[in-house]
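User: Hi! Could you walk me through this structure?
Analyst: Happy to, here it is.

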Amino acid sequence: MIRGMGWLTKILKGSSSSHRISEGRYHDRYENEEVWEEPPSTEDALSDFDQEEIDRAIAFSLVEEDERSALSLVEDDKKSARSSVHEHEEEEVEEEGSVSSLEEDHNDAVSSPEPEQHNRGSNYPSEEDHKGKKVIDEDSHLEEEDEQLAKAIQESLNMNLNSPPRNNHGSLFPRLPSFFPGVYRICAGCNGEIGHGRFLSCMGGVWHPECFRCHACNIPISDYEFSMSDNRPFHKSCYKEHHHPKCDVCKNFIPTNGAGLIEYRAHPFWLQKYCPSHEHDGTPRCCSCERMEPRDTKYLLLDDGRKLCLECLDSSIMDTHECQPLYLEIQDFYEGLNMKIEQQVPLLLVERQALNEAMEGEKHGHHHMPETRGLCLSEEQTISTIIRRPRVGAGRIIDMFTEPYKLVRKCEVTAILILYSLPRLLTGSILAHEMMHAWLRLKGYSNLPPDVEEGICQVLAHMWLDSEIMAGSSGTNAAAASSSSSSVPVSSKKGKRSQFEKQLGEFFKHQIESDTSAAYGDGFREGNKAVLKYGLRSTLEHIRLTGRFPC
């Protein structure tokens, strides 16, 4: 029979850590962190960008001033040149004046050129005055430009100080991703440029609001907080729906405990998760696979109070006749190991009550499990056996037909009893176990320690399960096929196995391997170790001689 397995307790954090969204507009800072920090607002907190602009303006001003200084020097050279020409012309005018005076003494008629020369000479000083004034006007114009440039720089500084909120560098321009330095801001969702308008900052990038979407529902996340899983964003409600563990029994979210942590139980093989409260609220388990009954599924109620899930019911063996082909298969299995049982030992499928009564009347045997599902009898008894498969109606077994069977002692073994309604693979492993008890008694292995006898019987049950799983199908053979008749069902559930039945076989192996009892668990592990090391025949011979497993 199957012992209760050690259930797993899982404790998880109550929910994923919340992540925040920073939101702003084009002027706002959108940083690559999850917590928004206010931008600097003091007058001294100028950005590197603004400082560069100021330095550029000042440098440009200095260049213009140098150009203007060079222009002034050229103008001064021109003025000096014009002054020299003017002095030379004055000397010529004076000489001409002297000549005119001499001619006046001798010729009074030549008097008109003198005003002409005088007028010509007077024009130069006027032109010089005009040009000199022009230079002075240009200098003052340059000074006015410098003043206007300085005023413009000052106004720019005042404008920057009174500007709208800036990013973390104090600049009106958004902070750019490191992978596009000095270009523009790129949306992490669509890879498009983020221009004016709202934008979001989270998960180390910037996003258009419509591009930051929940990985589950594909709707934009507009909440201030969101959850993450595998570096993907989720609405908190969507994250809970997809990642918060649900109870496989009541289908509700598993509640948190007093410490705010999610605590649940899990089957060690099937990994069925359920609330801890279901261990005490009477939730039934399948008597075969041990899974708890979900609220939305009803298990089959047997007449002895056990419940059987629908998957295990599909391959269950319900009466003595139905089990005979399986019995023949396992006899062939033993014969293949050179361990043929010569005596005809009856096999009976019984209800739980009949099995318990037979166990009480049996003097020989080791029974250390909470529930017995198989028994090898040595005493003469009368057993109530199931002679016809019961019908299933309204979620329960009905029309159970039994008849008494009197056991007569002809050898050391009078009968093998197996609990009815179990799946084929579980029924077969129990039958292989009990047949090993029969073989040991018939071969004279008496008074063995419980861990040795039960251990080697579990080794044979495990070996049979292994052969069935490796076969892929029910291991059809000629002997089993020829034994089929019209009075017996076609076979013991032969044919292609479902995926669940394959898992069921692995589960029954897992039960044997993980049993924690001294007789069945420790005994199996010691016996299996010896068989793997020395072989089955040598191990059995060592047990016959010493009563112990070989080291």
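User: Is Glu501 buried or exposed?
Analyst: Glu501 is buried, with a relative accessible area of 10%; buried means under 20%, exposed over 50% and partly exposed in between, with a 1.4 Å probe and protein chains only. This is a predicted model, where local features need pLDDT of at least 70, side-chain atom pairs count only at pLDDT 80 or more, and totals for chains, interfaces and linings use all residues. Residues are numbered from 1 along each chain as its sequence is written, and side-chain values use heavy atoms, with hydrogens and water left out.

User: What does Glu501 touch?
Analyst: Not counting residues up to four places away in sequence, Glu501 touches Ser315 and Leu425, contact being heavy atoms within 4.5 Å.

User: Where is the place of Glu501?
Analyst: In helix α10; helices are DSSP runs of H or I with at least four residues, numbered from the N terminus.

User: Switching topic, which residues have the most contacts inside the largest nonpolar core?
Analyst: Leu417, Met436 and Ile456, in a core of 78 residues. Such a core is a set of buried Ala, Val, Leu, Ile, Met, Phe, Trp, Tyr and Cys residues joined through side-chain atoms within 4.5 Å.

User: And which helix gives the most to this core?
Analyst: Helix α7 (residues 424–442), with eleven residues.

Methods: Helices (H or I, at least four residues) and strands (E, at least two) are DSSP runs, numbered from the N terminus.
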